[in-house]
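Here is a quick tour of a model, from overall build down to a pocket and a ring pair. Have the viewer open while you read.

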Amino acid sequence: MDGEQKKKKIPLAGQIFIALILGIMAGLALQGNVKFAVTYIKPFGTIFLNLVKFIVGPIVLFSIMAGVVSLSDIRKLGSIGGITLVYYFITTAIATTIG
């Protein structure tokens, strides 16, 4: 190994768990200092949400379009659309009931 130490990689689930714990700790630490959170942390959240809107949204739209174009039978599209509508109505009903 040429004297290099092999770094142990943390699995993705572990990284997510560590980030979750760090986020909870940061939230508890900033609980009494709302002005700091609004001034310094909120802009990063706004930037992240804008990136999601402008990058991830079009990627999802184009992948759905590519999937529809690749379908050979139009009846498959109808059944997929029907299942999608059923899932949409069920999740909307659950969200409305909870909210």
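## Terms and model

The model is predicted. Its mean pLDDT is 86, and 95% of the residues reach 70 or more. Among the elements, helix 1 (residues 12-29) has the highest mean pLDDT, 93, while helix 2 has the lowest, 87.

## Overall build

The protein has three helices and zero strands. Going from the N terminus, the order of elements is simply α-α-α.

Along the principal axes, the C-alpha atoms fill a box of roughly 55 × 50 × 25 Å. As for burial, buried residues account for 0% of the 99 residues.

## The largest pocket

Which residues line the largest pocket? The list runs I64, G67, V68, L71, L77, I80, G81 and T84. Two elements give two or more residues each to this lining: helix 2 (34-70) and helix 3 (74-98). Helix 3 supplies the largest share, with four residues.

The space in this pocket is about 160 Å³. Sorted by class, its lining has five nonpolar residues, three polar ones and no charged ones.

## Around the end of helix 2

S70 belongs to helix 2. Is S70 buried or exposed? With a relative accessible area of 57%, S70 is exposed, since the cut-off for that class is over 50%.

S70 and I80 are 10 residues apart along the chain, and 13 Å separates their C-alpha atoms.

## A tilted ring pair

The structure holds two aromatic pairs. In one of them, the ring centres of F36 and Y40 lie 5.1 Å apart with the planes at 45 degrees, so this pair is tilted. The angle falls between the limits, as stacked needs under 30 degrees and edge-to-face over 60.

How do these two residues sit along the chain? F36 and Y40 are four residues apart in helix 2, so about one helical turn separates them. F36 has 35% relative accessibility and therefore counts as partly exposed.

Methods
Residues numbered from 1 in each chain as written. Predicted model: local features only at pLDDT ≥ 70, side-chain atom pairs only at ≥ 80, totals over all residues. Heavy atoms only, no water. 1 Å grid on protein atoms, 1.4 Å probe; cavity = no way out; pocket = protein on both sides within 12 Å on 5 of 7 lines; lining within 4 Å. Points joined across faces, edges and corners; volume = space filled by probe spheres on them. Nonpolar A, V, L, I, M, F, W, Y, C, P; charged D, E, K, R; others polar. Phe/Tyr/Trp six-rings, centres within 6.5 Å; stacked < 30°, edge-to-face > 60°. Buried < 20%, exposed > 50% of the residue type's maximum accessible area, 1.4 Å probe, protein only. pLDDT = per-residue confidence, 0-100.
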